[in-house]
Amino acid sequence: MKFDVAIVGSGLAGLSVALHLAETRTVAIISKRALLDGASNWAQGGIAAVLDSGDSHQQHIEDTLIAGGGLCDESATRYIVEHGREAIEWLIEQGVPFTRDATAELGFHLTREGGHSQRRIIHAADATGHAVQVTLEEKVRAHPNISLFEHHCAIDLITSDKLGMKPAQRNAQPHCHGLYVQDEQTGKVHTFAAEHTVLATGGAGKVYLYTTNPDTASGDGIAMAWRAGCRVSNMEFIQFHPTCLYHPYAKSFLITEAIRGEGGLLKLPPEAGAAAGTRFMLAHDERAELAPRDVVARAIDFEIKKRGLDYVHLDISHKPAAFLIEHFPTIYARCLELGIDITKQPIPIVPAAHYTCGGVVTDLSGRADLPGLYAVGETACTGLHGANRLASNSLLECIVIGRACAQDIESKEKLGTPYLPDWDESRVTDADEEVVISHNWDELRRFMWNYVGIVRTTKRLERAQHRIALLKEEIDEYYRNFRITHDLLELRNLVDVASMIVNSALSRRESRGLHFSRDYPETLPKAIASVLTPPHR
C-alpha cells in the first residue's frame, strides 16, 4: 500500500486535510470504524468564529486565554482565531447546512456558549458535527484520489530507526515512513508506506469509565506518536463536560453547552430534600451557568458529593416549547424517547470525560517532532486550549490546522518511500484467554475515574501510577506473545495514555484550569506547560 499521504482518523481534522490535498496527492484515510463513528460526528454545539461586526478577533482571543487558565499559546490562539472566518466560509462552500437567520450579517444564526463574551457559535441546529461530517464524507467518498480503509485499526508507526536505517546526516532525527494497520474483518496486517503520515485519531475519553466520547476515542494517535519518540504536552488537562444525560438506557448522550447559553439553569433534584429546585451555580461563580466548563463541572461534582446525589437537574422548561424544539431537535427527540419532555421537565445530568486538551506537541502546520509525521485536531497540542478548552474552539482548530497541514505537505518535494518490511507474526500465537483484556480494560477505566477525575490528590494519583505500571507490564507481555486484536490494540494505547495523564498531573504542583488538586489548591504565578519526553528519545 503506497500513498503520498496516509491519514489516520476520519473526523473533521482528517477529512479537512484529505480534501485540501486530494487535487495534488494520493491520500489514504484509515478509519477504525465507519467514517461517521468519530467524535466530530457527535459534536452538538457548533464552531466558534468571529462572524459579526459586533465581535472582534481580540475578544475571541481574550475569551480563549481566560478559559485556558493562562496556559494558552497566544500566537497559536491568534493564528487560529484570525483564520476562523475563512475556515467557516470553506465549510459553507462545501455545502454544510448551517442554521440560517435572515437578520444576521452573514445570514446564519449565531448562538452563545459558556466562556464566550459574544454570540459567535455558528451551528446546524444541535447536531453541527453530524451536518459537517455528512457533507464532507460525501465529497471524500466521491474523490478519485482518496482511498478509504474503514474498519482498519492502526497499530504503530514505521520509523527509520526501527528499520535500522541510518540518517543521511549526522545527528539527524529518525523519519516516519508510514504505519502498520490491521484489517478488522480479515485480521490481516497491511503495511502502509507514505511520505507523510497524519494522525487525526481524536482524544482519549475512553480511558475513563464515564465519557461523552464514542468508543473509538482510545488515544491511538497520541500513544503511537509517543512510542515513536514524539513529545506530548498538557495531558493532565482532561475536560469533563458538565452536562451528560443521566439515564440507565442512555449511553454517553451529551447535553450541549448551548442549552445553558440559551438560558438553561442548573438546579438541585428532589433527592436534595428541602433544597430541591434551588439553583446552585451562583454560590460557585458569579458567571453562574455561563461559567467555563471546568468551573461548572467542579461545582456539579461538589454538589453531588456533598449531598450524596447521583445527578443534578438542567432546566430549560421555562423557555417556549416551539423555541426548544426548533433549536434543540436532537436533544428534544432523544429525551422524549426516554420519557423526559424538556419543554416541561428538567434534564437529569452528570459530568463525564469529554475532551483531551493536551496531546502530541506540534507547530501551527501540525508538524510533530518526527519528520514526515503530523498530528491535527484533538490528537495534537498546538497550545490553543491551554488548561481548559473554550467551548466550540475544537472544531475551529480542526479546520484551520487541517488546512495549514495540507499546505505544508503540498510545499514538500515528492521523494518517495523506502522498502518497508511486512508485519512479522512468526513468533506469536492466538490468545488463550481474552478475559485478561476485558478485565484489564475495566480495571483501568474504573481507577482512572476514581483516582484521576475532576478533583485529584497526590495519594490518588500515586495509586493510579502504581496500578498502571502493573497493568502495562501485563499488557506488554500479552502483546509480545499473542496475535493482536482490536481490543488489545486499544487497551495498549489507553494504558500508555493513562500513564501520560497521571505523570503530567503529578508534575503539576498547583491547580489550574481543568487540573484541580486538593494538595495544591493555589495557582502558581507563572503558567508553564507540562511536556513529557519519551525515555527512548
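The model is predicted: local features are described where pLDDT is at least 70, side-chain atom pairs count only at pLDDT 80 or more, and totals for chains, interfaces and linings use all residues. Residues are numbered from 1 along each chain as its sequence is written, and side-chain values use heavy atoms, with hydrogens and water left out. Helices (H or I, at least four residues) and strands (E, at least two) are DSSP runs, numbered from the N terminus.

Helix α5 takes in residues 128-142, which makes 15 residues. From its first C-alpha to its last it reaches 22 Å, close to the 21 Å expected at 1.5 Å a residue; the expected span is 1.5 Å times one less than the number of residues. Which residues of α5 are buried? They are T128, G129, A131, V132, Q133, T135, L136, E137 and V140. Here, buried means under 20% relative accessible area, exposed means over 50%, and partly exposed lies in between (1.4 Å probe, protein chains only). The cover over these buried residues includes the helices α1 (12-21) and α4 (84-94), and it also includes the strands β2 (27-31), β3 (47-48), β5 (121-122) and β6 (146-150).

Next come pairs of helices. Two packed helices are described by the angle between their axes and the distance between the axes. Axes are lines fitted to C-alpha atoms, for helices over the stretch in contact, and angles run from 0 to 180 degrees between N-to-C directions. Helix α13 (residues 458-481) packs with α14 at an angle of about 150 degrees, and the two axes are 9 Å apart. The pair is therefore roughly antiparallel. The naming of angles works as follows: under 35 degrees is roughly parallel, over 145 roughly antiparallel, 65 to 115 roughly perpendicular, and the rest oblique. The residues that make the contact (heavy atoms within 4.5 Å) include T458, L461, I468 and Y479 of α13, together with L488, R492, V495 and L506 of α14. The crossing of α13 past α14 is left-handed; a crossing has this hand if the near helix is turned anticlockwise from the far one by less than a right angle, and is right-handed if clockwise.

Helices α2 (residues 57-67) and α3 (residues 74-82) form another pair, whose axes come within 10 Å and cross at roughly 135 degrees. That angle makes α2 oblique to α3. Their contact is made by H57, Q58, H60, I61, T64 and L65 of α2 with E74, T77, R78, V81 and E82 of α3. The hand of this crossing is right-handed. Helix α1, already named in the cover of α5, also meets helix α11 (residues 393-410), with axes that come within 8 Å and cross at roughly 35 degrees. This crossing is right-handed. Among the residues that meet are L12, S16 and H20 in α1, and L395, G402 and I409 in α11.

D519 sits in the loop between α14 (486-507) and β18 (531-532), and counts as partly exposed because its relative accessibility is 42%. What does D519 contact beyond its neighbours within four places in sequence? Its partners are T457, T458 and K459. T457 is 62 residues from D519 in sequence, yet their C-alpha atoms are 5.9 Å apart in space. The side chain of D519 also reaches the backbone nitrogen of T458 at 2.6 Å. As for K459, its place is in helix α13, and at 56% relative accessibility it counts as exposed.

E105 belongs to the loop between α4 and β4 (110-111), and is exposed, with a relative accessible area of 51%. Apart from neighbours within four places in sequence, E105 is in contact with L51, D52, S53 and G54. With S53, the side chain of E105 forms a polar contact of 2.4 Å. Such a contact is a pair of N or O atoms within 3.5 Å; within protein, one must be able to donate a hydrogen and the other to accept it, and residues adjacent in sequence count only if both atoms are side-chain atoms.

Most residues other than glycine have a negative phi. N234, not a glycine, has a positive phi of about 60 degrees; this residue lies in the loop between β10 (232-233) and β11 (238-245) and is buried at 3% relative accessibility. A288, also not a glycine, has a positive phi of about 50 degrees. A288 is found in the loop between β12 (265-267) and α8 (293-307), and is buried, with a relative accessible area of 7%.
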